[in-house]
Amino acid sequence: YQRRVREAVVSTQSTVKKAIKMHEEKQTKAKDADNVQEGAVPAYLLDRETQTRAKVLSNMVKQKRKEKAGKWTVPIPKVKAMGEDEVFKVLATGKRKKKTWKRMVTKVTFVGEEFTRKPPKYERFIRPMGLRFKKAHVTHPELKATFCLPMLGVKKNPNSPMYTQLGVITKGTVIEVNVSELGLVTTGGKVVWGKYAQVTNHPENDGCINAVLLV
């Protein structure tokens, strides 16, 4: 009985070690049989065998990396760069209009439901109410149908991290939308709540946000 228990413990330990080894990415040494040097070899090199180094990476980790990379294959990979002079308008403030540290955003923006403005005296970036959008027209590439979905946030604006932080939406921006009403379900059977979509138009010109769902 004790021998059986010992064998079971050894087998579980070996499986755990194998699993850990599979997930670790490290340098491994292997004998190189093909690379044989021509000519005489010095005495101190006779004991050494030529070795090659290779990276061991499990198939599972490789697959996960591929999936992660595939998530960000966007319909519009390159967009025209937008400078701050195009996105912001300088506002002169103060009694004699000498202070020019305030900026008004001239592009479409998204702010959350619980957003509260700072006092006007301390607010540097002003996002006009007329350019704040809450919904987007999102097209599902496989269903070939368009839905008007509420936005959850701005994931990434390719022009600048500051635009992402301010919630500025321009062409090529990746936004997060609420797709619960579409009835999308994961492999585990759970309802998908939020999904990413890329903006394909210029919202400030069209007056609406058109986007393609990243499936």
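User: What makes two cysteines a disulfide?

Analyst: A disulfide is a pair of cysteine sulfur atoms within 2.5 Å. Keep that cut-off in mind, and remember that this is a predicted model.

User: How many disulfides does that rule give here?

Analyst: The count comes to zero.

User: Why is Cys148 called partly exposed?

Analyst: Its relative accessible area is 39%. Buried means under 20% and exposed means over 50%, so Cys148, with 39%, falls in between and is partly exposed.

User: What share of the chain counts as buried?

Analyst: Of its 215 residues, 27% do.

User: What makes β3 an edge strand?

Analyst: Three strands form an open sheet in the order β3-β4-β6, with mixed pairing. The edge strands are β3 (88–93) and β6 (125–126), since each pairs on one side only.

User: How do you know that β3 and β4 pair?

Analyst: Pairing takes at least two bridges between the strands. β3 and β4 (residues 99–105) have five bridges, in the antiparallel sense, so they meet that requirement. As an example of a bridge, Lys89 has Met104 in β4 as its partner.

User: Which helices and strands does the whole chain have, by number?

Analyst: Five helices and 12 strands.

Notes
Residues numbered from 1 in each chain as written. Predicted model: local features only at pLDDT ≥ 70, side-chain atom pairs only at ≥ 80, totals over all residues. Heavy atoms only, no water. Helix = DSSP H or I, 4+ residues; strand = E, 2+ residues; numbered from the N terminus. Buried < 20%, exposed > 50% of the residue type's maximum accessible area, 1.4 Å probe, protein only.
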